[in-house]
Amino acid sequence: MSLESELRSERVSHLRLSGFTAVPAGTSVRDTLAQMRAESKTVCLVTEDGGLAGIFTERDVLRKVVDSPEVMDSPIDGLMTPDPISVGPDASAASDKQLMDQHGIRNLPVLDASGQIVGSMTHIAVIDWLAGRYPVEVLNRPPDPERFPRKAEGG
């Protein structure tokens, strides 16, 4: 079985999904950032009526908050990405990674059949899966495999 076919048959639920912070819609940007910092998370999933309403990430902080301190006391709803693309836990890891690449997404919420948040898929989850499946090939690759040292001692 090839690497590509293995990744296509691998389900998102088998990957190590990233943790996330969750806040209800209407939470202030200040409180959302405080919770993200306290929990050491880079992604916040905003919930409403028990479902996913939006996503707010560290990239949003840099693009929408850093130069606009006046937004700190406004609701997160105005800065989050509403109705983000999400996937189910039984989806193919390969197709979801392709979806992330196509849309420039770094955090892909994973929801179960009832709409409950399971986790957040990232590129790191795929790399971790690859490293676990092929540790020698992934973890022992030099940064530039075509480059050889000029001297025997590597210097």
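## Helix α4 and its ends

In helix α4, which spans residues 93-103, the buried residues are Ala-93, Ala-94, Asp-96, Leu-99 and Met-100; buried stands for under 20% relative accessible area, exposed for over 50%, and partly exposed for what lies in between, with a 1.4 Å probe and protein chains only. Helices (H or I, at least four residues) and strands (E, at least two) are DSSP runs, numbered from the N terminus. At the start of α4, the backbone nitrogen of Ala-94 has a side-chain oxygen of Ser-92 within 3.3 Å, and Gly-104, which follows the helix, has a positive phi near 65 degrees.

This is a predicted model, in which local features need pLDDT of at least 70 and side-chain atom pairs count only at pLDDT 80 or more, whereas totals for chains, interfaces and linings use all residues. Residues are numbered from 1 along each chain as its sequence is written, and side-chain values use heavy atoms, with hydrogens and water left out.

## From β1 to β2

In a regular strand the side chains alternate between the two faces of the sheet. β1 runs parallel to strand β2 (residues 43-48), to which 4 bridges join it; two strands pair if DSSP finds at least two bridges between them. Within this pairing, Pro-24 has Thr-47 of β2 as its bridge partner.

Between β1 and β2 the chain passes through helix α2 (residues 29-39), and this β-α-β crossover is right-handed, a term that applies if, with the strands pointing away from the viewer, the path from the first strand over the helix to the second runs clockwise. In the loop between α2 and β2 lies Ser-40, which has a positive phi of about 55 degrees although it is not a glycine. With a relative accessible area of 64%, Ser-40 is exposed.

## Strand β3 and its partners

Strand β3 (residues 51-57) is mostly covered, since 7 of its 7 residues are buried. β3 pairs with β2 in the antiparallel sense over 6 bridges, and Leu-52 in β3 is the bridge partner of Thr-47. The hairpin of β2 and β3 has 2 residues between the strands, and there Asp-49 takes a positive phi near 55 degrees. Asp-49 is exposed, its relative accessible area being 83%. Most residues other than glycine have a negative phi.

β3 is also joined by 2 bridges to strand β4 (residues 81-82), and these two strands run antiparallel. Here Ile-55 stands opposite Thr-81 of β4.

Leu-108 belongs to strand β5 (residues 108-111) and counts as buried because its relative accessibility is 0%. Leaving out residues up to four places away in sequence, Leu-108 touches Ile-85, Ser-86, Val-87, Asp-96, Leu-99, Met-100, Gly-119, Ser-120 and Met-121, where contact means heavy atoms within 4.5 Å. The C-alpha atoms of Leu-108 and His-123, which are 15 residues apart along the chain, are separated by 9.4 Å.

Thr-122 is placed in the loop between β6 (117-121) and α5 (123-133), and at 9% relative accessibility Thr-122 counts as buried. Apart from neighbours within four places in sequence, Thr-122 is in contact with Ser-18, Met-100, Arg-106 and Asn-107.

Notes:
A polar contact is a pair of N or O atoms within 3.5 Å; within protein, one must be able to donate a hydrogen and the other to accept it, and residues adjacent in sequence count only if both atoms are side-chain atoms.
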